[in-house]
Amino acid sequence: MPSLILEGGTFRPIFSAGVMDALLDNNIMFPYCIGVSAGITNGFSYLSKQKRRNLDILEQYRQDKRYLGISNYFRCKSLFGLDFVFDEIPNKLCPFDMDTFMNYEGKAVVGVTNAKTGETEYLDGKLIDDKCSMLRATCALPIFFPVIKIGENEYYDGGICDPIPIRKAIADGNEKHLIILTRPKSYRKSLSKNNIVASKLICKRYPKLKEPLLTRHIQYNKTVKFCEELEAQGKAIILRPSEEGAIESFEKDIDKLRAGYNHGYNLALENLEAIKSLFK
């Protein structure tokens, strides 16, 4: 069984959205989809077969302060307007097709980080509620989001501990993989100031998150290398933007976001036969 692996990255996964829309146009539906942060959030529109939905949302609301803006910190302690992004948009403004999503016959897996244990948990996407709580959780990068509660548990961004959940896909029995990364091949992660600040701000309340935040870059680079080894063995296809086609995490320019989407779409078409071979 082949899997679809989705890296996050705020607005960078608009590249991934382009790839997935090319898959939809060619009737390619992976039976297993796993990801974190904006990667899996965009992936839900693929599973609900809503082509262009991810791009439409950014084209309409990226510049809207209700979507992203400092004033949201006063309303919901987040740079993003949580209720606007995860409630008003999917339930009213750009409706998410829940029925089609629920009829998806495969498995959808959402990676989140348990704030108290400092470990990754993998949630069943089919258990999503109408407030998209698990998508809020997987996108909840410290500093930019508050901790997200689901039941008795508290969660942060799934990318903190497992930014490219390839090993989980393998553990679940998948033998071949389409891995969509959102950084160019030359990229290597280094310890960021945001992670240093986040580790200091939240370590008193969530001490087990300190090490994952400070070693996140090391784990990320190791995982990319592992993915590349799988590709060399013929067990995976990696699609990622070129140096010229890569966009920033908080890209503001709609034209650049649109170009990132088109880049992903065209790259998928160029690799269509190889992608189809994963199903053989």
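Arg52, Asp56, Glu59, Asp255 and Arg258 are joined in a network of salt bridges, a salt bridge being a side-chain nitrogen of Lys or Arg within 4 Å of a carboxyl oxygen of Asp or Glu. The model is predicted: local features need pLDDT of at least 70, side-chain atom pairs count only at pLDDT 80 or more, and totals for chains, interfaces and linings use all residues. Residues are numbered from 1 along each chain as its sequence is written, and side-chain values use heavy atoms, with hydrogens and water left out.

**Salt bridges**

- The count of salt bridges comes to 14.
- Within the network, the side chains of Glu59 and Arg52 meet at 3.4 Å, N to O.
- Glu59 is partly exposed at a relative accessible area of 27%, and Arg52 is likewise partly exposed at 33%; buried means under 20% relative accessible area, exposed over 50%, and partly exposed in between (1.4 Å probe, protein chains only).
- Arg136 and Asp83 form a salt bridge through their side chains, with an N to O distance of 3.1 Å.
- Because Arg136 lies in helix 7 (residues 133-138) and Asp83 in helix 5 (residues 82-93), this pair ties together parts that are 53 residues apart in sequence; helices are DSSP runs (H or I, at least four residues), numbered from the N terminus.
- Arg136 counts as buried, at 10% relative accessibility.
- Glu7 and Arg12 form a further salt bridge, in which the closest N and O atoms are 3.8 Å apart; both Glu7 and Arg12 are buried.

**Thr138 and its surroundings**

- Thr138 is placed in helix 7 and is buried, with a relative accessible area of 0%.
- The side chain of Thr138 reaches the backbone nitrogen of Ser37 at 2.8 Å and the backbone oxygen of Gly111 at 2.6 Å.
- Not counting residues up to four places away in sequence, Thr138 touches Val36, Ser37, Ile40, Thr41, Val110, Gly111, Val112, Asp157 and Gly158, where contact means heavy atoms within 4.5 Å.

**Helix 2**

- Helix 2 (residues 37-47) is largely enclosed by the rest of the structure, because ten of its eleven residues are buried.
- Among the buried residues of helix 2 are Ser37, Ile40, Phe44, Tyr46 and Leu47.

**Nonpolar cores**

- The largest nonpolar core has 74 residues, of which Leu4, Phe30, Tyr67, Tyr156 and Leu178 touch the most other members; such a core is a set of buried Ala, Val, Leu, Ile, Met, Phe, Trp, Tyr and Cys residues joined through side-chain atoms within 4.5 Å.
- Helix 1 (residues 14-25) supplies the largest share of this core, eight residues.
- A second, separate core of 15 residues includes Val109, Tyr220, Cys227 and Ala236.
- Residues touched by Tyr156, not counting those up to four places away in sequence, include Val112, Ala137, Phe145, Ile202, Tyr206 and Leu209.

**Nonpolar surface patch**

- Ile143, Val197 and Leu201 form a nonpolar patch on the surface, with about 250 Å² of accessible area together.
- Patches consist of residues with over 30% relative accessible area and no salt bridge, with like charges joined within 9 Å and nonpolar side chains (Val, Leu, Ile, Met, Phe, Trp, Tyr) within 5 Å; accessible areas come from the Shrake-Rupley method with a 1.4 Å probe.
- Leu201 is found in helix 9 (residues 193-202) and is exposed, with a relative accessible area of 60%.

Conventions. Helix = DSSP H or I, 4+ residues; strand = E, 2+ residues; numbered from the N terminus. Polar contact = N/O pair within 3.5 Å; in protein donor to acceptor, adjacent residues only side chain to side chain.
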